[in-house]
Amino acid sequence: MTADLDTLLTALYVLADEVLPRRPRARRRPKITDAELVCLAVAQIMLDIPSERHFLRFAISRLSHLFPYLPKQPGYNKRVRALAPQIVRLLNVIAFCSPSWCDTIRLLDSTPVPCGASRETVRRSEFAGQAADGYCASHSRYFWGFRLYLLCASDGMPIAFELAPANASEREVAAEMLRRVELDGYTVIADKGFAGEEFEALMRALGAALFLRPDRKDEQPRFGGLGGVRQWVESIIDTLKGQLSLEDHGAHTMPGLITRVAQRLLALAAGLWHNWQTGIPGRHLTAYDH
């Protein structure tokens, strides 16, 4: 098995066709199946073409040998948004099938997902009332939108995620997400923003074998700066932002934002999973971007 986009999409299609629920029988068979649409959505992210219209135009020459029918932009957008639950389901299946699932380390972090950069955009956006102002300490910048909370294995395989307003309490959102996953016996490594006795008590209650985070300046030394580990976590976030264009999502509605975030997480998971299949595990995705 080779590490290229065509092989990745073929392997992903076989898995998606087995996992995704079958549609009720209709009078007319759809020209493109749900499994094909999910693979097409992953290809869009791997090729780093945020505009759906531009991507579908490019796909005619690049992907038509894999997809006998390519939808128009309105139909593509509508179908992919409706498939958000199936995208998340496939993401969970890939994570469970990957050797990364057996990794005893879980990395916890959050990152901004901006949704507007001007006062007029904030006022007129459909995110008004849901998005909020927030501050990113690692890049010393303010933004308006949401934060993506991500729990992943050491290679970056997404295990769980949560999208919350930028001003929501980091510890409360992370606690809600972590209650949905198995942490018994795992070592959880997080940022100093998740410091606090209550949060550490939650980690113990969930069975985490060890909870590590960088020391804050106002407390006694415990774990140190964890500089190397923090770079480890940040490199995963950089992959989502750089290669997979997380901040260039282009969403204008909440369902669209959820779908496009899940779309990028699925692309990351599919790349990691396929790298395991080819015998070259790691977070190197450049083989799939052309």
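**Close-up 1. Where helix H4 meets helix H5.** Val 80, Arg 81 and Ala 82 are the H4 residues in this contact, and across from them sit Ala 84, Pro 85, Gln 86 and Ile 87 of H5. Sorted by class, the residues of this contact come out as five nonpolar, one polar and one charged. As in the other views, what you see here is a predicted model.

**Close-up 2. How H4 and H5 cross.** Two packed helices are described by the angle between their axes and the distance between the axes. Here, H4 covers residues 73-82 and H5 covers residues 84-97. Their axes come within 4 Å and cross at roughly 55 degrees.

**Close-up 3. A cavity in the model.** Search the whole structure and you find one cavity of 30 Å³ or more. The largest cavity holds about 40 Å³ of space. Which residues line the largest cavity? They are Gln 44, Ile 45, Pro 50, Glu 52, His 249, Arg 260, Gln 263 and Arg 264.

**Close-up 4. What the cavity lining is made of.** Two helices, H2 (34-46) and H10 (254-278), each give at least two residues to the lining of the largest cavity. Which helix supplies the largest share of that lining? It's H10, with three residues. By class, the lining has three charged, three polar and two nonpolar residues.

Definitions and conventions. Residues are numbered from 1 along each chain as its sequence is written. This is a predicted model: local features need pLDDT of at least 70, side-chain atom pairs count only at pLDDT 80 or more; totals for chains, interfaces and linings use all residues. Side-chain values use heavy atoms; hydrogens and water are left out. On a 1 Å grid over the protein atoms alone, a cavity is a set of points where a 1.4 Å probe fits but cannot get out, and a pocket is an open set with protein on both sides within 12 Å along at least five of seven lines; lining residues have an atom within 4 Å of a point. Grid points are joined across faces, edges and corners, and a volume is the space filled by probe spheres set on the points. Ala, Val, Leu, Ile, Met, Phe, Trp, Tyr, Cys and Pro count as nonpolar, Asp, Glu, Lys and Arg as charged, and the others, Gly among them, as polar. Axes are lines fitted to C-alpha atoms, for helices over the stretch in contact, and angles run from 0 to 180 degrees between N-to-C directions. Contact means heavy atoms within 4.5 Å.
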